[in-house]
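Below is a short briefing on one protein chain, arranged by topic for quick reference.

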Amino acid sequence: MIEKVSKESFKKLLKLNNKRYRDESLDRVDLLIEGSRLIEQVVGYDIQIKSLYFKEDYFSEHQKIFQEVHCPMYELSKSQSEALTATNNEQGIFAVVTFEKKAILNYNKLIYLNAIKDPGNLGSIIRTASVFDIDGIILDKNCCDVLNEKVVRASMGAVFAVPIEKVDESWIKNRPETIFVSHPDKNKGISLENFFFPDRAFIMIFGSEANGISEYINVLPHQKLFIEMSGKMQSLNVAIAAAIFMYKMRNNK
């Protein structure tokens, strides 16, 4: 049965993705996601959809989702849909999904992100990690909010599937794993092309493209690695660089 959204329920929907109303101490929080592709991908991760919302007259356009998902469904007015959208092109379909923090169970191949503030880059890195067998992603306190709607969207829902932990600077200072750092200067490291990752546990660190690695990491024992590049470009976008490294980490050849 499809119902109209009550005013009270709509007010709660508007607050879901607002960080001011989110209790970050909780391991489970509800989020509002938008768009058929993202919703279908989340369903593919076997994440439960709690409720679906669609713009009036959009029901017929999303029959596949409505057939796959069994949950309460609600119709939105044109103004309600416009108020909820976080994209430039309103997509007319939304879902409430519960984000649950996943514990890192293995510490063999970890990605550590240092001050990655762009939500598109963070989301892309999480999406890539989901397909290259990364055990978990560690975010330092200077990274952007992993539940930012742009991160969730750029990750194509991988934030719901990949183990992610946010830590302060002290976390990495006494880690037993070998530490590698992505670095753009070929005069200060080993070429990834000629490098083979060890069988023992390790942490691969990526910093911001603009500022590089923070000093608290630079003072730790580590090995710098770089990607061979031609032309005059000084560095790669961090999400692209991370994808190349993760491919090498999985295939190691």
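On the other side of α2, which residues are exposed? They are R37 and G44, where exposed means over 50% relative accessible area, buried under 20%, and partly exposed in between (1.4 Å probe, protein chains only). This is a predicted model, in which local features need pLDDT of at least 70 and side-chain atom pairs count only at pLDDT 80 or more, while totals for chains, interfaces and linings use all residues. Residues are numbered from 1 along each chain as its sequence is written, and side-chain values use heavy atoms, with hydrogens and water left out.

**Whole chain**

- The protein chain contains 8 helices and 12 strands; helices (H or I, at least four residues) and strands (E, at least two) are DSSP runs, numbered from the N terminus.
- Along the principal axes, the C-alpha atoms of the protein chain fill a box of roughly 60 × 40 × 30 Å.
- Of the 253 residues, 47% count as buried.
- The accessible surface of the protein chain is about 13600 Å², with 46% of it belonging to carbon and sulfur atoms; areas come from the Shrake-Rupley method with a 1.4 Å probe, and for residues only the protein chains shown count as cover.
- Among contacts (heavy atoms within 4.5 Å) between residues at least 6 apart in sequence, 77% join residues at least 24 apart.
- There are 33 positive and 33 negative side chains, and the centres of the two sets lie 3 Å apart. Lys and Arg count as positive and Asp and Glu as negative, with His and the chain ends not counted. The place of a charge is taken as NZ of Lys, CZ of Arg, CG of Asp or CD of Glu.

- In helix α2 (residues 36–44), the buried residues are L38, I39 and V42. Seen down the axis of α2, these buried residues fall within an arc of 100°, so they line one face of the helix; the arc is that of the directions from the helix axis to the C-beta atoms.
- An α-helix has 3.6 residues a turn, so residues three or four places apart point the same way.
- The buried residues of α2 pack against β2, β3 (49–55), α3 (63–68), β5 and α6 (149–154).
- D46, which follows α2, has a positive phi, near 65°.
- Strand β2 (residues 28–34) has 5 of its 7 residues buried, so β2 is largely enclosed by the rest of the structure.
- β2 and strand β5 (residues 93–100) run antiparallel and are joined by 7 bridges; two strands pair if DSSP finds at least two bridges between them. Within this pairing, F99 in β5 is the bridge partner of V29.

**The seven-stranded sheet**

- An open sheet of 7 strands has the order β8-β7-β6-β11-β9-β12-β10, with parallel pairing. β8 (164–167) and β10 (190–191) stand at the edges with a single partner strand each, so one side of each is left without a neighbour in the sheet.
- Strand β6 (residues 109–114) runs parallel to strand β7 (residues 136–140), with 4 bridges between them. L113 stands opposite L139 in β7.
- Strand β9 (residues 178–182) is mostly covered, with 4 of its 5 residues buried.

**Buried loop residues**

- M156 lies in the loop between α6 and β8 and is buried, with a relative accessible area of 11%. M156 and V42 are 114 residues apart in sequence and 7.7 Å apart in space, C-alpha to C-alpha. Not counting residues up to four places away in sequence, M156 touches R37, L38, Q41, Y45 and R127.
- I172, in the loop between β8 and β9, is buried at 1% relative accessibility. Leaving aside neighbours within four places in sequence, the contacts of I172 are Y112, I179, I205, Y216 and L220.
- D135 is in the loop between α5 (119–129) and β7 and counts as buried, at a relative accessible area of 18%. D135 and I164 are 29 residues apart in sequence, with 9.3 Å between their C-alpha atoms. Beyond neighbours within four places in sequence, D135 is in contact with residues including I104, N106, K109 and P163.
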